Amino acid sequence: MAKSEVKTSLLDNMIGVGDSVLLEPLTEDTFLENLKKRFDHCEIYTYIGDVVISVNPYRPLPIYTPAKVEEYRNRNFYELSPHIYALADEAYRSLRDQDKDQCILITGESGAGKTEASKLVMSYVAAVCGKGTEVNQVKEQLLQSNPVLEAFGNAKTVRNDNSSRFGKYMDIEFDFKGDPLGGVISNYLLEKSRVVKQPRGERNFHIFYQLLSGGSDDLLKQLKLERDFNHYNYLGQESAEVNGIDDAANFRTVKNAMQIVGFMDDEAESVLAVVAAVLKLGNIEFKPESRVNGMDESRIQDKNGLKEICELLGQDQAVLERAFSFRTVEAKQEKVSTTLNVAQAYYARDALAKNLYNRLFTWLVNRINGSIKAQTKVRKKVMGVLDIYGFEIFENNSFEQFIINYCNEKLQQIFIELTLKEEQEEYIKEGIEWTHIEYFNNAIICELIENNTNGILAMLDEECLRPGTVSDETFLEKLNQVCAVHERFESRMSKSSRFLNDTSLPHNCFRIQHYAGKVMYHVAGFVDKNNDLLYRDLSQAMWKTNHSLVKSLFPEGNPAKMSLKRPPTAGSQFRASVATLMKNLLTKNPNYIRCIKPNDQKAPLIFSEALVRHQINYLGLMENVYVRRAGYAFKQPYDPCLERYKMLCSQTWPHWRHGARDGVEVLLTELRIPSEEFSYGRSKIFIRNPRTLFKLEDQRKHRLEYLATLIQKIYRGWKCRTNFLLMKKSQIIISAWTKRYFQQKKYLRLKMVTLRIQSYIRGWKARKLLRELKHQKRCVESVTTIAAYWRGTQVRREYRKFFRANAGRKIYEFTIQRIMQKYFLDLRNKLPPLSPTERSWPVRPYLFLDGTHTQLRRIFHLWRCKKYRDQFTDQKRTTYEEKLEASELFKDKKALYTNSVQQPFQGDYLEISKNPKYQKLNGAVEEKILLADVVNKINRANGKGTPRIFLLTKSNFIIADQKSGQIKSNIPVMDITSVSVSKQTDGLFAVHLKEGSTAASKGDFLFTSDRLIEIITKLYRIIFSKTNQKIAVEINNEFLVQFNQDKVCVKFIQGAQKNGNLPACKRKNNRLLEVTVP
Ligand SMILES: Nc1ncnc2c1ncn2[C@@H]1O[C@H](COP(=O)(O)OP(=O)(O)O)[C@@H](O)[C@H]1O
Ligand SMILES: [Mg+2]
């Protein structure tokens, strides 16, 4: 492929070649030269296909600005010049858009820039993924976990001032939108031996220096520390200060980061207390002391230091002191305590320090995980970032380097598996023409280390578990036996040695030819470090503390949970966790960053060709380029490929009914992609050049936009149409109803009008008919009348001769007779009721009956009165007669009369015969009493009234005292000549007596009574029946009475009444009595 053909920005203004695959000619020299040229021009990133090679610049470069982030965001991998951001973007996008879990594998030697690269990837992803308060908090916590872990897990080594002394794998979790949800950090084997001892030129973990430089005076005092590195045995003296590292500033950063990640203040304090305790543990010294029984014993020199440690850890001093002096071994359920000599005591001290620190570190990782773990249970997409310690070759390599390098071998394995071996195998499997490319497969080295039966780790474990005396030397011996024939293993065997002549190899060492070079390991410490033993007395002592954090770090110290089983060795633990990690990585889509270290001086601008060439070799980069160049940039099974690109071809879109492979063929043919650009495998399509893929992707993107618009268009059309149809339907319904309504109204009006016209016409017709009929009838009648008259005339003319004389009278009489007959019969039927008060009478039918009719009415009335009277009893008759008499006497003459009409005349008002009060009176009167009542007798002298009983019999009237019933006067009615009353409504009456009679000695009587009418009527009738003479009843407003010898005038005058209806009488003088009436 000639360079001139490619016109993308990858090559525009390119220094050297951005993608090594394009190198021409391709040799190791040109490859190296290209890297150097680019390095010299600050281009530290170079591609091999999709693998990023990063050369550590050892100086800050202006290529990580936010502007750069924006530049690389959402761009194709090859579109811009090589950058770690391009890889991060690619990984993030395929995670978000294609739902593929990703892992970013960063490999390289110690100091090659792995940790920096991992941070760059994380910060890029954080910058481009979603935003929002919650998301930002998650991001911030994920990013801030780094400074904390680096302070506790990184240290200055000869290779790297900030070397990670633990392996770290971090899963960042995203939701379906690509927003970060949280993360999980796994840590691998912290190099804890560094806590107690550091190689020359190296430092302990950063946190110790940071605490001493950055902690406030108060804090140091509280932690019982001194601000002096030299004071502490555990801090390597010579290189305590490092150029370019500001421990104090870093301490502030760490404290701040801890806060952001979510550490409580007391948690942070506890952590620092443990750090201080570890530091102070190093200053505890032991001195030997011999016992009588010959046993060596040790004793703590400076108890004060121990006391302070115990205070920091909340520990009982005696307990810890005892744990440093004794060791309890349990054998066959029997506890045996042995004393520790000075060396053992130091061993115990260091073991405690290492364990304390190591467990604190694990606790920190778990604590951070607790803060950053995703809160939701939804399905997550995962991006794993692996930053594990790089390949290490030191002067003195021990167990840690062995483990670290083993891990790197495994990573190289993955790389080989996925990029070199698998890819080549796949070409062959898929039937693609392929010339095999040789590469070194390091599986054999992995086997040497991890094989279950005769691997070095297995041997070490076996040695550790073996009863009897075990030492590093016996372990080496064992190795010599088992691995003697292994081509990658070398040692100076004592017996039949293959390498006996190799004097460069000391006796206590073995050498492994790692993929990255030969490394010589000193066996010293292998067994111990693998055993990772902490005396049980110590762990139990630590568990007894009341410092909750420390207590939780030593769960095995709990006697209740004590187990006799040995814990797994450090080696096997590591092997297991590496195996899990590898399995995890294999499930994800790998993205490689291969870091290269340009020089050993950690200096900028120096490019040591030899050093880089070596790395190119062992990293297998050349093989990588060859495979890439010969191979295909992209492969994909036919189904997903067709699914992804089928919209680019009219035949495959939207449905392809045949095989996927045929579909892809049709697709590629139609797209006119040159045939050398792709090959058809058995199950996959192979695309040679990434640019072809990007072309496809671009076309797809445009097409998708078009399709989205199309779908939108159709959907909108559909929506509008549906809406329109709905409106149309509604409109039709509405108009139908409206039309119906108007038509109905119109119809009803028409109907009404029609009916009216109809009725008029019918009426007119009917009237016409009626007129005709009436006319006809009148005609008939007229004819009949005329005929009748005519006949009558004729008959009369004919019979005149016979009726000449009496005929007229006879006819008249007959007619009258008939009329009378009819009249009487009618009258009989119409007779009015028999009540005498009834006034109605049938109407008179003929005028000539006028007299008769009136007479008949009178007769009828008399008759019915008679009939009415005939029903009366004697008493009733008398009563009526009295009433009649009263009417004749007073009607229209005295005003009081009208009131009396309604009152029945009872006569005996006092019930004189029944009432025992009047028994005597009753006895005195012989005749039947016709009237008994109380009246007022008017005193003749003064006109005052006195109540008196007034009795009337057939011949007398009697005045009696009302109370005693004694008779005052008894006057025969014969002596009464007349009575006088006024015309008014008053009840005053005068009884005039015959002159000269005995009764008249005092003169006439004056009475008042409401029953005046009844009394006078009865008196009148009694006198009439006795004498057959009618007495005079004078009705006048002035009359004379005879009092003794005087004639007095009683005069009625109108005036206001005082006592009800009773008239007030007043004797004015001899001649006048005035009566005031209302
Ligand atoms: N991209 C880079 N830009 C500038 N300096 C870098 C870069 N990568 C690494 N370094 C420098 O190299 C040092 C070692 O890098 P580091 O990532 O810690 O190495 P490793 O993790 O591989 O051991 C860093 O402390 C930093 O000074
Ligand atoms: Mg690192």
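This is a predicted model: local features need pLDDT of at least 70, side-chain atom pairs count only at pLDDT 80 or more; totals for chains, interfaces and linings use all residues.
Arg948 itself sits in strand E21, which spans residues 945-952.

Is Arg948 buried or exposed? I looked up its relative accessibility and got 15%. Buried means under 20%, so Arg948 counts as buried.

**Entry: Met258**

Next I turned to Met258, which I located in helix H8 (residues 247-261). Its relative accessibility is 5%, and therefore I noted Met258 as buried.

Which residues does Met258 touch, not counting residues up to four places away in sequence? I wrote down Val148, Phe263, Ala268 and Val271. I also checked Met258 against Asn146: they are 112 residues apart along the chain, and their C-alpha atoms are separated by 10.0 Å.

**Entry: the magnesium ion**

Then I went to ligand 2, a magnesium ion. Which protein atoms are its donors? I found OG1 of Thr115 and OG of Ser164, lying 1.9 to 2.3 Å from the ion. This pair links distant parts of the chain, as the two residues are 49 residues apart. I placed Thr115 in helix H4 (residues 114-128) and Ser164 in strand E5 (residues 163-164). Thr115 is buried, and Ser164 is buried too.

**Entry: ligand 1**

My last stop was ligand 1. How many residues surround it? I noted 15, the closest being Asn56, Gly111, Lys114, Thr115 and Asn160. Thr115 was already in my notes as a donor of the magnesium ion. Sorting the shell around ligand 1 by kind, I got 4 nonpolar, 7 polar and 4 charged residues.

I then looked up some polar contacts of ligand 1. For Asn56, a side-chain N or O atom is 2.8 Å from an oxygen atom of the ligand. For Asn160, a polar side-chain atom lies 2.8 Å from an oxygen atom of ligand 1.

How much of ligand 1 does the protein bury? Taken alone, ligand 1 exposes 550 Å², and I noted that the protein buries 85% of that.

Terms used:
Residues are numbered from 1 along each chain as its sequence is written. Chains are lettered from A and ligands numbered from 1 in the order in which they are written. Side-chain values use heavy atoms; hydrogens and water are left out. Donors are N, O and S atoms within 2.8 Å of the metal (3.2 Å for Na, K and Ca); water is not among the atoms, so sites may look incomplete. Helices (H or I, at least four residues) and strands (E, at least two) are DSSP runs, numbered from the N terminus. Buried means under 20% relative accessible area, exposed over 50%, partly exposed in between (1.4 Å probe, protein chains only). A residue is near a molecule or strand if one of its heavy atoms lies within 4 Å of it. A polar contact is a pair of N or O atoms within 3.5 Å; within protein, one must be able to donate a hydrogen and the other to accept it, and residues adjacent in sequence count only if both atoms are side-chain atoms. Accessible areas come from the Shrake-Rupley method with a 1.4 Å probe; for residues, only the protein chains shown count as cover. Ala, Val, Leu, Ile, Met, Phe, Trp, Tyr, Cys and Pro count as nonpolar, Asp, Glu, Lys and Arg as charged, and the others, Gly among them, as polar. Contact means heavy atoms within 4.5 Å.
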